[in-house]
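Colleague: I would like to go through a model with you and learn how its features are read. Please give the general idea of each feature before the case at hand.

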Amino acid sequence: MLAVNIHNLKLKNPVMTASGTFGYGEEFADFIDLNRLGGFVVKGTTGTHREGNPYPRMVETPSGMLNSVGLQNGGVEKFCKEVYPRIKHLDTNIIVNVSGSSIEEYCDVASQVDALDRIPAIELNISCPNVKHGGMGFGTQPGMAAEVVEAVRKVYHKTLIVKLSPNVTNIAEIAKAVEGAGADSVSLINTLLGMAIDIERRRPRMANVTGGLSGPAVKPVAVRMVWQVAHAVKIPVVGLGGICTAEDAIEFLMAGATAIEVGTANFIDPAVTVKIIDGLEAWCKAHGVSDINDIIGII
Amino acid sequence: MKEIHDFRIIERRQLGEQYFRLLLKHGGQMQPVAPGQFVEVLVEDEPRVMLRRPISVHDADAEAGTLSLLVQIVGNGTRRLATLAEGDSLNLVYPLGHGFTTAIPAGSKALLVGGGAGIAPLLHLAKTLHAGGVHCTVLLGGRTASLIPVQDDFRPFGDLLLATDDGSLGHHGIITTHPAFADTYDIIYTCGPTPMMKAVARSAAERGLRCEVSLENMMACGVGACLCCVTDTDQGHRCVCKDGPVFDISTMSKWYSNK
């Protein structure tokens, strides 16, 4: 009833988790059965170890939060040698979020992850707003976005999802460019660039000054962009941005997302993903929907 | 094992204007909570608050299925929590983080230094150490007497000493100028304002004394997933929520040297 496909990737249900909000899955193993998920996207992984940005890295804002973690991670080698053996037994789709500052770095990470049997897909992050070089720089211009996707496509042979930035004038144009360059799917939206000021201390609340906005505050923007992109490309769309409930997820599916990712809501309720899966099933039963694919992109 | 659970508030006590204490009952089999660990509290019906609030465990009794939280009202979240009454339920994710080292030899001498809201986790610690035959000296401080929310609760578990910046209670002066602070101890534990903890850590390091600090940073997930709450350590950024909140100062020289 809930099974969907993203290119060659078979998901038992459309519910995945968003990179950077779910660690390597293990952090949530006490709260949920990870095998129930359609998939999960692990923390952004770069070519070498990164310390990320200085603290403070986050601030709560109305119905959302800003973060500026800056891709802190142990690097791809550490992921392959230490993390992967700990999680590869899981019966769900483990997707690696591949990040970098240069085309070479993206390709290096992608090709190392390509060799891991139990990783069926990557999410190419050309949209991180919190690193100075690369990241979002690649995702805001169609030409550069196509260039990096084309290069990664040559070295990566499984399902290639490209994560798009909402910090652009025309997201459909970027989506079409990466589709043309060989992407199997696009996921959106990454965080919206934002800022908050401590008026008493008269300084920015975050050390990096700006950060990415996530949570329910961004949901209507995300739904709109998913709808625009779904009408512009033929490849499947993965929707994310402020999803907290099954009803939110259904909104994204109707807007054109084949699967969804849950991000900030994991911080509020570490078991929210399984509640969304149960809620999707209950909604389908209550509305006489025998196959969830029947509601995808109906708007 | 960590769990998400609705506790029932069985007692609420106001402690001065700024502090209140909630005694929570699990109702089933509560997970053991170690001294220094914390909980993430869901704040409901407050539109300005979305994320859970990390609050240290003041005291815990796994057998009785109770734990208590000593909370300082500092913002929208804690202000909302202050309106909760006996009988209300409170949703917690717990137990979280890496707590204080309590496996130390009986007969050891420990100094517990707490300032303001940082006094909270020291009660569970003092109780646990005392039960293990450790001799505790508990040194509590605040700007003024009314900002030391609890004191008598500590008396059964060690020698209680007090200090206030304005001299309204105990030693007159900041906590690190208390004469007892200059004594030697097998271990010093501290929780409170960052400048106070750094001063305690520097003094302990200079004298070659073992010392643990309990940090507080703004936090989202509480389980080491989002990497928002990191602190500088000598090994790089570490999560306060997962690798801490308690850190041994032997890995924190960068942190305490930076005033």
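Modeller: A salt bridge here is a side-chain nitrogen of Lys or Arg within 4 Å of a carboxyl oxygen of Asp or Glu. Searching the whole structure finds 17 salt bridges over all chains. This is a predicted model, in which local features need pLDDT of at least 70 and side-chain atom pairs count only at pLDDT 80 or more, while totals for chains, interfaces and linings use all residues. Residues are numbered from 1 along each chain as its sequence is written, chains are lettered from A and ligands numbered from 1 in the order in which they are written, and side-chain values use heavy atoms, with hydrogens and water left out.

Colleague: Which residue forms a salt bridge with E60(A)?

Modeller: R53(B) does, and the closest N and O atoms are 2.7 Å apart. To place the pair we need elements: helices (H or I, at least four residues) and strands (E, at least two) are DSSP runs, numbered from the N terminus. R53(B) belongs to strand β4 of chain B and E60(A) to strand β5 (residues 58–61) of chain A, so this pair joins two chains. For exposure, buried means under 20% relative accessible area, exposed over 50%, and partly exposed in between (1.4 Å probe, protein chains only). E60(A) is partly exposed, at a relative accessible area of 21%.

Colleague: How many residues apart are E77(A) and K81(A) in helix α1 of chain A?

Modeller: They are 4 residues apart in α1 (residues 76–87), which means about one helical turn separates them. K81(A) is exposed, with a relative accessible area of 61%.

Colleague: Which residue pairs with K219(A) in a salt bridge, and where does the partner lie?

Modeller: The partner is E251(A), with the closest N and O atoms 2.9 Å apart. K219(A) is in helix α6 (residues 219–232) of chain A and E251(A) in helix α7 (residues 246–255) of chain A; the two are 32 residues apart, and the pair links distant parts of the chain. K219(A) is buried, at 14% relative accessible area, whereas E251(A) is partly exposed, at 36%. Salt bridges with shared partners join K219(A), D248(A) and E251(A) into one network.

Colleague: Now the interface. What area is buried between chain B and chain A?

Modeller: The size of an interface is often given as the accessible area lost when the parts come together. Buried area is the accessible area (1.4 Å probe) that two parts lose on being put together, summed over both. Between chain B and chain A the value is about 2,500 Å², and carbon and sulfur atoms give 63% of this. M50(B), M218(B) and H237(B) supply 26% of the area that chain B buries against chain A, more than any other three residues. Contact means heavy atoms within 4.5 Å, and the contact takes 27 residues from chain B and 31 residues from chain A.

Colleague: How many salt bridges are counted between the two chains?

Modeller: The count is 2 salt bridges between chain B and chain A. One of them joins D30(A) to K2(B), with the closest N and O atoms 4.0 Å apart. On the side of chain B that touches chain A, β1 (3–15) and β14 (236–239) of chain B each supply at least two residues.

Colleague: Are the faces of β3(B) buried or exposed?

Modeller: Both faces are covered: F38(B) and E40(B) on one side and V39(B) and V41(B) on the other are all buried.

Colleague: In what order do the strands of the open sheet in chain B come?

Modeller: The 7 strands follow the order β10-β9-β8-β7-β11-β12-β15 (chain B), with mixed pairing. β10 (171–172) and β15 (246–248) of chain B are the edge strands, each pairing on one side only. Within chain B, β8(B) and strand β9 (residues 159–164) pair in the parallel sense over 6 bridges.

Note on methods
Two strands pair if DSSP finds at least two bridges between them.
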